[in-house]
Each structure stands twice: as structure tokens, then as C-alpha cells.
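I opened this entry to look up the ligand site and the aromatic pairs.

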Amino acid sequence: MSDSVFPAGNLMKGKRGLVMGVANKNSIAWGIAQQLAAQGAKLAFSYQGEELEKRVRPLVESLPGNPFMVTADVTDDASMDACFDALQKKWGKMDFLVHAIAFAGKDELKGSFTHNTTREGFKRAMDVSAFSFVDAAKRASALMPDGGAMISMTYLGSERVVPNYNVMGVAKAALEASTRYIARDLGPAGIRVNAISAGPMRTLAMAGISGGKTLMKTGKDWSMLKEDTRMEGVAGAALYLLSDLGHSCTGEVLHVDAGFHAVGVPDIADEG
Ligand code: NAP
């Protein structure tokens with residue numbers, strides 16, 4: 001962990017939370033986890049299946065604060081029961097939840113949305129990428145009697161048409177709407193619920209999208225800052241939303257994409 005990239009401090013001291021969605025060192029969830037750990041958070045990580053455990057365990061064990069790992073396939077109720085039972089046994093209560101999970105089949109992340117989206121593919125993308133946040137939020141909130149904070153990860157393809165993003169864009173729209181509805185339900189319990197809309201970042205999930213390289217290049221070239229979305233910016237936004245710095249902020253979708261989301265027309269050459 002590099003302190004210069006993920007500044008150290010005490011903003012998360014005494015807070016415990018679950019990070020869902022670390023697949024490898026490039027995962028957005030891993031960047032967020034490193035930042036939260038550097039600020040004193042105690043972390044649990046959920047992973048899907050044995051293969052992933054082998055990859056994720058060395059990362060998790062490199063963090064301070066004795067983080068622990070629990071298995072959770074978000075499409076399986078029994079697996080989610082076991083995950084949150086384990087958290088309850090270990091901690092009793094928790095303070096935050098990071099949801100950084102999404103899936104759509106490769107064949108559905110290319111070409112025509114209208115023609116390539118199957119009933120099964122639509123249901124699966126919605127289940128893994130949107131309903132799983134509703135389900136995890138319900139379970140996590142039961143362990144937050146003193147209030148807390150939750151975040152989900154989204155992308156601009158929910159608001160605008162992004163070629164090849166297709167069914168995932170529709171699932172992200174559902175995720176963002178769910179984030180607002182959950183925020184309303186949990187607000188009276190002092191639980192804040194927000195989403196971060198990150199620009200394109202080089203991860204396994206991104207590699208599954210046809211034309212991902214062009215998406216990355218356009219994300220930089222058309223952005224206001226003329227740079228890639230940086231992990232420290234996304235992790236910093238997560239720190240803000242999950243720590244007490246984020247008081248009064250809930251039901252929000254915070255764009256961290258070098259300003260790309262607000263650009264209407266990319267640069268125009270001077271026509272004299
Ligand atoms: P990533 O490293 O591939 O993370 C995606 C995670 O979702 C993986 O850990 C994956 O586990 C997990 N997952 C998929 N199906 C699951 C299931 N049934 N149960 C439990 N876990 C499951 O990619 P990432 O880019 O960091 O993605 C994290 C989040 O950020 C996603 O919501 C993504 O849509 C969002 N996001 C990404 C970008 C980007 O450009 N990369 C931009 C904006 C938002 P497996 O490896 O086992 O499938």
C-alpha cells in the first residue's frame with residue numbers, strides 16, 4: 001500500500017465494513033479497500049468461489065487490521081445468508097458496505113442492445129448488478145443499529161447510450177434508482193446510501209466489454225481534465241461517502257470521471 005496514493009489517517013477509525021467485489025489488484029473495490037484501510041477501517045471481504053479466494057487472499061492479508069474473508073455469491077440466498085451470519089458472529093454490528101459487483105454475458109456486451117439481449121441475459125445482469133445491492137443493503141442495514149453508510153458503483157451508461165454497454169447500462173440505471181429508494185428507506189435509521197459513477201478503468205469487468213480500449217481512450221480524450229479516471233479519485237470519493245465527512249449526503253450519484261459526464265460536445269477545432 002502506498003501512503004502517497006491512499007493518504008493515511010483516522011477518518012475510518014472504529015468503523016467496520018464489508019467490501020464486495022475484489023477480483024484482483026486492479027479491481028475498483030481493491031482501491032477503495034486500500035484507502036479505507038489506510039484511514040483505519042476494519043474490513044471484511046466477500047469473494048465468489050475458491051478460485052477467487054486464491055487470488056484475493058494475498059491482497060487481503062497485505063492490509064493492516066486483520067481483515068477477514070467470507071464467501072458470497074450474490075445470486076444465491078443461502079450463500080448471502082452465510083456471509084452476513086459470519087459478519088454478525090464476528091462483529092455483531094457493522095458501519096459500512098461497499099458494493100462493487102456487476103456481471104453481463106460477453107455476447108450481450110457488444111453490438112445491438114435490441115437484438116442481442118436475451119431474457120436470461122437481462123435477468124442475470126439485473127440480478128447480479130442491481131438486485132444484489134438491494135439484497136446486500138437489506139442484510140447490512142440489519143447490522144447497523146447505530147447508522148452507517150453504503151455505496152454502489154455505477155457508470156454513465158445508465159444515463160446515456162454507450163455503444164456495447166447495452167444491458168449493463170440498463171442494469172446500472174436500475175442500480176442507481178435502487179440506490180435512491182434504499183436511501184429513502186434507510187435514511188430515518190441514519191444510514192446514508194450513495195453511488196459513485198466512475199469513468200472507464202482498466203479492470204476485468206471492463207475487459208469484458210467489446211471496444212473497451214476505445215471506451216478508455218474516449219473517456220480520457222473527451223474528458224475535461226484530459227486524463228484517465230484515477231483510482232485514488234474513486235477511492236477518495238468512497239472515503240468521503242463512507243466516513244463522517246459525508247454527513248448529509250445521501251441518495252446521490254457522484255460522478256468521478258474527469259468531468260466526462262458533463263461534456264455535451266467534444267473539442268471543436270477552430271474554424272477561423
Ligand atoms: P472487477 O474487478 O471485475 O470486479 C467485479 C466483481 O464482481 C468481481 O469481483 C466479480 O467476481 C464480482 N461478481 C460478479 N458476479 C458475482 C456474483 N454472482 N457474486 C459475487 N460477486 C460477483 O471489475 P470492476 O471494474 O472493479 O467492477 C466493480 C464495479 O465497478 C462494478 O459494479 C462495475 O460495473 C463498476 N464500474 C466499473 C467501471 C470500469 O470502468 N471498470 C466504471 C464504472 C463502474 P468474479 O470475478 O468471480 O466474477
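I worked from a predicted model, where local features need pLDDT of at least 70, side-chain atom pairs count only at pLDDT 80 or more, and totals for chains, interfaces and linings use all residues. Residues are numbered from 1 along each chain as its sequence is written, and side-chain values use heavy atoms, with hydrogens and water left out.

I looked up the ligand's surroundings first. The shell has 27 residues, and Ser27, Ile28, Lys172, Met201 and Thr203 come nearest (near: a heavy atom within 4 Å). By class I found 18 nonpolar, seven polar and two charged residues in the shell (nonpolar: Ala, Val, Leu, Ile, Met, Phe, Trp, Tyr, Cys and Pro; charged: Asp, Glu, Lys and Arg; polar: the others, Gly among them).

I then checked polar contacts (N or O pairs within 3.5 Å). A polar backbone atom of Ile28 is 2.8 Å from an oxygen atom of the ligand. For a backbone N or O atom of Gly21 the distance to a ligand oxygen is 3.1 Å, and for a polar backbone atom of Ile101 it is 3.4 Å. The protein buries 90% of the 880 Å² that the ligand exposes when taken alone (Shrake-Rupley method, 1.4 Å probe).

Last, I turned to the rings. The structure holds four aromatic pairs (ring centres within 6.5 Å; planes under 30 degrees apart are stacked, over 60 edge-to-face, the rest tilted). Trp30 and Phe45 form a tilted pair, because their planes are at 45 degrees, with ring centres 6.2 Å apart.

Conventions:
Polar contact = N/O pair within 3.5 Å; in protein donor to acceptor, adjacent residues only side chain to side chain. Phe/Tyr/Trp six-rings, centres within 6.5 Å; stacked < 30°, edge-to-face > 60°.
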